[in-house]
2 protein chains.
Amino acid sequence: MTPANLKLVSSVRCFNGEQRRYEHVSQTLNCTMQFSVYLPPQALRKDRVASVLWLSGLTCNDENFSSKAGAQRVAAQLGLALIIPDTSPRGEQVADDDAYDFGKGAGFYVNATQQPWAKHYQMYDYISKELLNLVTDALPLNGQMSISGHSMGGHGALVMALRETGRFASVSAFAPIAHPTECPWGHKAFTGYLGSDRELWREYDAVELIRDGKKCPPLLVDQGGADNFLAEQLNFTTLQEAAEKHDLIAQLRLQEGYDHSYYFIASFIEDHLNFHKTYLKS
Amino acid sequence: MTPANLKLVSSVRCFNGEQRRYEHVSQTLNCTMQFSVYLPPQALRKDRVASVLWLSGLTCNDENFSSKAGAQRVAAQLGLALIIPDTSPRGEQVADDDAYDFGKGAGFYVNATQQPWAKHYQMYDYISKELLNLVTDALPLNGQMSISGHSMGGHGALVMALRETGRFASVSAFAPIAHPTECPWGHKAFTGYLGSDRELWREYDAVELIRDGKKCPPLLVDQGGADNFLAEQLNFTTLQEAAEKHDLIAQLRLQEGYDHSYYFIASFIEDHLNFHKTYLKS
């Protein structure tokens, strides 16, 4: 059942399920990629299960969420698989930048049009097409999927949910970069990967997509009130205003005292997976 | 209330409590040390709470357990503080070794007698005396304490519970190095830190201390059946035999399929904290 292109790198038991790491050669990214998967006990008993796709933030790979969020406990209880991709193309031949917020570890879930990035930095298509097809073929998934993510990955989750109509049953995010066309992280990344065409930028901006009337699945967002990036980078209130104006089915919660770290994610991941479970058929 | 010697390095909200990191100059170790603390919401409301002291394994510092075990969720529910020391003295002036299993990150919770280690590697006294006095003075703890740990830290937890009679209400361990005088890790560490006097080695060997009739508080041990170190390093069955022969109040569980990683610890930390809670007065 496993495609020839897919290599199991490791598998360890976790909450009676399996935390796995896979490697494959991506045709979209022109490089070898790794990603992680959690299969709950139900999937090991050959049931096909629903899944949640998790997109990580700046500097992360597939291991941060896997090791720090405590998501497997809840996923095992709910019978959900977790699909956890990397955040950029990888390998020595892949163009990079010294900054933490551009290049490797910072793919921003866009299809780059500018050089030297366009050859490898096609993260939007990689995840929304190639990777989802691959895991659907290779793993005991039932096709029902929700999407979530953190910071840069929260941006990716919102954009993918808004653009891939009907693909995701629900969407959630922790401290998402909600309006990247109007913050320093987004400006830098979009200028670098996409050039100066601001019409193209809008296709990767959750607030702009909501304003354009794109249909959004049910939405949950948690934002820490003590997050150092809240004022300058995240545009939480702009997202709230857009969601309200366009009548999204949305809960956008400010969590007083919480920061931008995985301690914040761990504190609320159970809420998010329970939220997705209500929209996913098992 | 905080001693002048104690500096708060960071504090972030986690499950409505606080994950803190402290720094202090240790008189016992002759160097500056960091340690982590989780205070549950009950402690932030000024209640004095019971605590669990966690000793980490080889290569770890205080951050591995803090970020990977998922213990704060359970500690918040039970109203337990977590005290998480480093595993060795630190700093440029501290003697080190290139190996992962000796020197920094590998203090083995002993008081070294050999050079060049004796000046700084006094981890047994540091934790059992200096650090416990410090946190008892500085934090809202009620004095009730249990102890747990992983691998090298499981060894440390068992030895400390057996030697510090009456100090710990209960003891637990994940994959402990249960009989270090008879395994390669222990041989190397004890020869290096303690020299060739095997009578001194016995004071840091849980199985030998049990055989000597030391009183042990109620004990829970989990050992992964797929742990790569089980056969050569951990002596789980020797520990089982000693516990049985000496009528310890003990549960020693082999968990089929689990390895030596934090995915194993995360899967069973709730059991361990619930176990300790039954012996701790809040």
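This is a predicted model: local features need pLDDT of at least 70, side-chain atom pairs count only at pLDDT 80 or more; totals for chains, interfaces and linings use all residues.
Let me start with the fold of chain A. Chain A has 11 helices and nine strands. Its radius of gyration is 17 Å, close to the 19 Å from the globule rule for 282 residues, so chain A is as compact as a globular protein of that length. The C-alpha trace of chain A spans about 50 × 40 × 30 Å along its principal axes. Of the 282 residues in chain A, 63% count as buried. Now the contacts in chain A with a separation of 6 or more. Of those, 71% join residues 24 or more positions apart.

Next, the interface. Together the two chains bury about 1,700 Å². Carbon and sulfur atoms carry 58% of that area. Four residue pairs are in polar contact between chain B and chain A, counting pairs with both residues at pLDDT 80 or more.

On to salt bridges elsewhere. Over all chains, the structure holds 30. I picked a few.

Take A:Glu270 and A:Arg73. Their closest N and O atoms are 2.9 Å apart. A:Glu270 sits in helix α11 (residues 262-277) of chain A and A:Arg73 in helix α3 (residues 71-78) of chain A, so this pair ties together parts 197 residues apart in sequence. Buried or partly exposed? A:Arg73 is buried, at 10% relative accessibility. A:Glu270 is partly exposed, at 30%.

Now chain B. B:Arg198 and B:Glu182 form a salt bridge, 3.2 Å from N to O. B:Arg198 is in helix α7 (residues 198-202) and B:Glu182 in the loop between β7 (171-174) and α6 (184-194), so the pair ties together parts 16 residues apart in sequence. B:Arg198 is partly exposed at 39% relative accessibility, and B:Glu182 is partly exposed at 44%.

B:Arg211 and B:Glu208 meet at 3.5 Å, N to O. Both lie in helix α8 (residues 206-211) of chain B, three residues apart, about one turn of the helix. B:Glu208 is buried at 11% relative accessibility, while B:Arg211 is partly exposed at 42%. In chain A, salt bridges that share partners join A:Glu199, A:Arg202, A:Glu208, A:Arg211 and A:Asp212 into one network.

Last, two loop residues in chain B.

B:Ser151 is in the loop between β6 (141-150) and α5 (152-163). B:Ser151 is buried, with a relative accessible area of 3%. Beyond its neighbours within four places in sequence, B:Ser151 contacts B:Phe174, B:Ala175, B:Pro176, B:Ile177, B:Trp185 and B:His260. Look at B:His260. It is 109 residues away from B:Ser151 along the chain, yet their C-alpha atoms are separated by 8.1 Å.

B:Asn111 is in the loop between β5 (80-84) and α4 (123-138). B:Asn111 also counts as buried, at 15% relative accessibility. What does its side chain reach at 3.4 Å? The backbone nitrogen of B:Tyr124. Leaving out residues up to four places away in sequence, B:Asn111 touches several others, including B:Tyr121, B:Asp125, B:Leu194 and B:Tyr204.

Note on methods: Residues are numbered from 1 along each chain as its sequence is written. Chains are lettered from A and ligands numbered from 1 in the order in which they are written. Side-chain values use heavy atoms; hydrogens and water are left out. Buried area is the accessible area (1.4 Å probe) that two parts lose on being put together, summed over both. A polar contact is a pair of N or O atoms within 3.5 Å; within protein, one must be able to donate a hydrogen and the other to accept it, and residues adjacent in sequence count only if both atoms are side-chain atoms. Helices (H or I, at least four residues) and strands (E, at least two) are DSSP runs, numbered from the N terminus. The radius of gyration is taken over C-alpha atoms; the globule rule is 2.2 Å times the number of residues to the power 0.38. Buried means under 20% relative accessible area, exposed over 50%, partly exposed in between (1.4 Å probe, protein chains only). Contact means heavy atoms within 4.5 Å. A salt bridge is a side-chain nitrogen of Lys or Arg within 4 Å of a carboxyl oxygen of Asp or Glu.
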